Amino acid sequence: MTKFFGILMVLAVMFTVVSSVDLSAQTKKSPKPIKGQVVSLNDIVIGGKGTITKDQAKELAEKGNPIVFKSGKTIYFVYNEDGSFAGKKLASYANNATVGIVGKTKKVNGINIIIATIIESM
Amino acid sequence: MYKYLILILLSLAITINSCDNKNPEEVKKEQEVNQEATDNFDALVEDGDSQSDTAATETVTTANSDTVKAEPDASSSSSAVDYSKKPLEGEIIVISDLMTGNHRKLTKDLAKQLVAKGEILAVKSANEIYFVYNADGSLASKNLASYANNSKVMMIGKAKVVDGLNVFIVTLMEGK
C-alpha cells in the first residue's frame with residue numbers, strides 16, 4: 001500500500017513538472033507580432049502622418065532616410081538580427097496597410113527598437 | 001518508504017527550479033531595457049538668463065522659458081526649444097550602437113561608411129538622443145558624418161519632440 005502511494009505521489013509530481021515545462025516552452029515559441037504601419041520619419045517630422053508607398057519608401061531608404069515602424073503612437077526603429085538597420089527591408093512592406101513584426105523590443109534613451117526576426121504583411 | 005520520500009523531494013526540487021527559471025529572463029529583459037544609463041556625457045547645462053533672452057526673440061518658444069533643455073515629453077510635442085543663440089552641444093552616435101550597447105569611437109570615414117549603408121547618426125546630449133534634420137526636411141546624417149572626427153558637435157536650430165522622439169532642425173553645425 002505504502003509502495004503504491006509512493007509511486008502515485010512521484011507520478012503526480014513528475015506530471016506537474018512536465019506540464020509546467022511544456023507551458024513555458026509554448027509561450028516562448030509563439031510570440032505575438034507587433035502590428036503597425038511602415039512610415040517615413042521625415043514625413044512625421046514635418047508634421048505628416050508618415051504614410052508612404054513602397055516606391056517612395058525604397059527611394060527614401062536608398063538615400064539614407066529612416067523608414068520606421070509605427071504601432072499606435074509608438075515609433076520603432078527596426079533592426080535586423082545582425083545589427084543592421086532594417087529600413088530598406090521595411091520599405092518593401094510600405095504598401096501594406098498593416099504589417100506585423102515578431103522580435104525583441106528594447107527602449108534605449110527613449111528610443112524604441114525592435115530586433116526583428118520576422119516581418120510580415122497582415 | 002524513505003526511498004519514495006527522497007524521490008518526492010527530488011521531484012519537488014526540480015519543480016521549484018523550473019519555476020525559478022523564468023525570473024532570470026525577466027531580470028535580463030529589464031536590464032536590457034534599462035541599459036540606457038551606461039554612458040554619462042557632460043550635461044548641457046545652460047543658464048536661465050541666456051534662455052530667457054533667446055525666448056524673447058522668437059515667436060515659437062517653449063512655455064517655460066527657464067528651461068533650456070528639450071523635454072522628451074510626448075505631451076509637449078507641439079512645443080519647440082530654441083537654440084538660435086546658444087547651440088546644442090553633443091556627441092555624434094550611431095543609433096544601432098544603442099541597440100548593441102557597443103558604442104564605437106566614430107571617425108569621419110567610419111561615419112560616412114555607416115551612413116552609406118543606411119545607418120542613422122544622431123546626437124546625444126545630456127542623455128537625450130536627437131535626430132538631426134536639415135531645414136528642408138531631410139535627415140542630416142551625412143552632414144553629421146563630416147563632424148565625426150570632432151569630440152563634440154555644436155548645432156544652432158530648434159529642438160522639438162515628435163511622437164516621443166527628440167528632433168533637432170539644424171540651421172548651422174560646427175565641430176568642437
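**Close-up 1. N109(A) sits in the loop between β4 (99-108) and β5 (111-121) of chain A.** Strands here are DSSP E runs of at least two residues, and helices are H or I runs of at least four, both numbered from the N terminus. This is a predicted model, in which local features need pLDDT of at least 70, side-chain atom pairs count only at pLDDT 80 or more, and totals for chains, interfaces and linings use all residues. Residues are numbered from 1 along each chain as its sequence is written, while chains are lettered from A and ligands numbered from 1 in the order in which they are written. Although N109(A) is not a glycine, its phi is positive, at about 50°.

How many other C-beta atoms lie within 10 Å of N109(A)? There are 19, so N109(A) is partly exposed (20 or more would be buried, 12 or fewer exposed, with C-beta atoms placed from the backbone).

**Close-up 2. N127(B) lies in the loop between β2 (121-125) and β3 (128-134) of chain B.** Here too is a residue other than glycine with a positive phi, near 65°. N127(B) is partly exposed because 16 other C-beta atoms lie within 10 Å.

**Close-up 3. I44(A) belongs to helix α2 (residues 41-45) of chain A.** With 20 other C-beta atoms within 10 Å, I44(A) is buried. Beyond its neighbours within four places in sequence, I44(A) is in contact (C-beta atoms, placed from the backbone, within 7 Å) with V39(A), G50(A), V162(B) and D163(B).

**Close-up 4. In chain B, strands β4 (residues 153-162) and β5 (residues 165-175) pair in the antiparallel sense over ten bridges.** Pairing requires at least two DSSP bridges between two strands. K158(B) has I169(B) in β5(B) as its bridge partner.

Notes. Two residues are in contact if their C-beta atoms, placed from the backbone, lie within 7 Å.
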